[in-house]
Amino acid sequence: MKKGRLIVMTGPSGVGKGTLVRSLLKDHPELHLSVSVTTRSPREGEIHGQEYYFVDRVHFQNMIEAGELLEWAEFAGNCYGTPLIAVKEKIEAGISVLLEIELEGARQIRSTFPSALRIFIMPPSIDELERRLRGRGQDSEDAIRRRLMRARSEMDAANEFDFEVINDDLDFALKRLESVLYSAV
Ligand SMILES: Nc1ncnc2c1ncn2[C@@H]1O[C@H](COP(=O)(O)OP(=O)(O)OP(=O)(O)O)[C@@H](O)[C@H]1O
Ligand SMILES: Nc1nc2c(ncn2[C@@H]2O[C@H](COP(=O)(O)O)[C@@H](O)[C@H]2O)c(=O)[nH]1
């Protein structure tokens with residue numbers, strides 16, 4: 001059986017990765033979105049097992065030591081990681097898996113899973129990125145500051161990726177993302 005593809009989507013926090021992925025999944029139920037583990041506290045409305053598996057630092061550390069994470073990174077004061085087993089099972093079953101992760105994790109995937117398709121989502125500008133982070137209204141001032149501080153260096157890394165998609169107009173970005181995925185997957 002043909003294996004599924006691993007697709008990695010990266011880009012600064014607030015660029016719209018989650019928004020794009022949610023739209024993509026509506027039209028493409030054949031894709032599977034990996035649910036990450038995080039030590040971050042749930043935002044209002046987030047459900048354990050749906051947006052993330054919310055765990056404490058000891059649990060997260062145990063997962064690292066047991067080799068249960070495909071990749072992991074510390075981001076803006078919290079740890080995030082991709083559970084390995086679920087990704088492996090889907091790919092073996094011929095299902096393509098989407099990871100929506102930050103830059104350090106995406107870099108790890110490049111060495112551990114070189115066949116992955118890696119896409120960088122770019123904001124139209126840093127000012128618009130800030131507007132989106134603030135407009136989302138779900139992060140503290142400190143969290144927004146940390147995320148913006150990291151955004152510039154993340155954007156400098158866009159050329160490490162197979163494709164770059166600018167998320168200016170949402171529909172346009174979605175079409176470009178679909179064309180990248182379905183010409184390459
Ligand atoms: N093309 C767009 N134009 C205007 N607003 C957008 C666009 N795409 C996303 N947004 C808005 O930007 C905000 C951040 O989007 P989203 O939460 O999807 O970002 P993200 O990259 O997944 O963030 P994080 O990495 O922190 O999870 C949301 O309020 C979303 O509605
Ligand atoms: N390296 C990883 N990064 C991840 C993972 N899951 C999510 N993320 C990224 O973390 C930041 C912050 O997310 P938020 O939900 O707190 O806004 C964002 O860039 C996510 O894409 C993961 O498993 N590994």
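Because the model is predicted, local features need pLDDT of at least 70 and side-chain atom pairs count only at pLDDT 80 or more, while totals for chains, interfaces and linings use all residues. Residues are numbered from 1 along each chain as its sequence is written, chains are lettered from A and ligands numbered from 1 in the order in which they are written, and side-chain values use heavy atoms, with hydrogens and water left out.

An N or O atom in the side chain of Thr-19 is 2.5 Å from an oxygen atom of ligand 1, a backbone N or O atom of Gly-18 lies 2.8 Å from an oxygen atom of the ligand, and a polar backbone atom of Gly-16 is 3.0 Å from an oxygen atom of ligand 1. On its own ligand 1 has 640 Å² of accessible area, and the protein covers 74% of this; such areas come from the Shrake-Rupley method with a 1.4 Å probe, and for residues only the protein chains shown count as cover.

Gly-16 itself sits in the loop between strand 1 (6–10) and helix 1 (17–27), where helices (H or I, at least four residues) and strands (E, at least two) are DSSP runs numbered from the N terminus. Gly-16 counts as buried because its relative accessibility is 12%; buried means under 20% relative accessible area, exposed over 50%, and partly exposed in between, with a 1.4 Å probe and protein chains only. Although 152 residues separate Gly-16 from Asp-168 in sequence, their C-alpha atoms are 9.4 Å apart in space.

Ligand 2 has 17 residues around it, and Arg-40, Tyr-52, Tyr-80, Glu-102 and Arg-147 come nearest. An oxygen atom of ligand 2 is 2.7 Å from an N or O atom in the side chain of Ser-36, and a nitrogen atom of ligand 2 is 2.7 Å from an N or O atom in the side chain of Glu-71. A backbone N or O atom of Glu-100 lies 3.3 Å from an oxygen atom of ligand 2. Taken alone, ligand 2 exposes 510 Å², and the protein buries 96% of that.

The loop between strand 3 (36–38) and strand 4 (52–54) holds Arg-43, and Glu-46 is found in that loop as well. Arg-43 is buried, since its relative accessible area is 15%, and Glu-46 is buried because its relative accessible area is 18%. The side chain of Glu-46 reaches the backbone nitrogen of Arg-43 at 2.7 Å, and a polar contact of 2.9 Å joins the side chains of Glu-46 and Arg-40. Leaving aside neighbours within four places in sequence, Arg-43 is in contact (heavy atoms within 4.5 Å) with Arg-136, Gln-138, Asp-139 and Arg-147.Arg-147 leads on to helix 6, where it is one of the buried residues, together with Ala-143, Ile-144, Leu-148, Ala-151, Glu-154 and Met-155. An α-helix has 3.6 residues a turn, so residues three or four places apart point the same way. The buried residues of helix 6 pack against strand 5 (69–75), strand 6 (78–83), helix 4 (103–112), strand 8 (117–122) and helix 5 (126–136). Helix 6 (residues 141–156) has 16 residues and reaches 24 Å from its first C-alpha to its last, close to the 22 Å expected at 1.5 Å a residue, the expected span being 1.5 Å times one less than the number of residues. At Arg-150 helix 6 bends by about 30 degrees, the bend being the angle between axes fitted to the seven residues ending there and the seven starting there.

Two further residues complete the tour. Arg-110 is found in helix 4 and counts as partly exposed because its relative accessibility is 43%; not counting residues up to four places away in sequence, Arg-110 touches Arg-118 and Glu-160. Ala-76 lies in the loop between strand 5 and strand 6 and has a positive phi of about 50 degrees although it is not a glycine. Most residues other than glycine have a negative phi.

Methods. Polar contact = N/O pair within 3.5 Å; in protein donor to acceptor, adjacent residues only side chain to side chain. Near = heavy atom within 4 Å.
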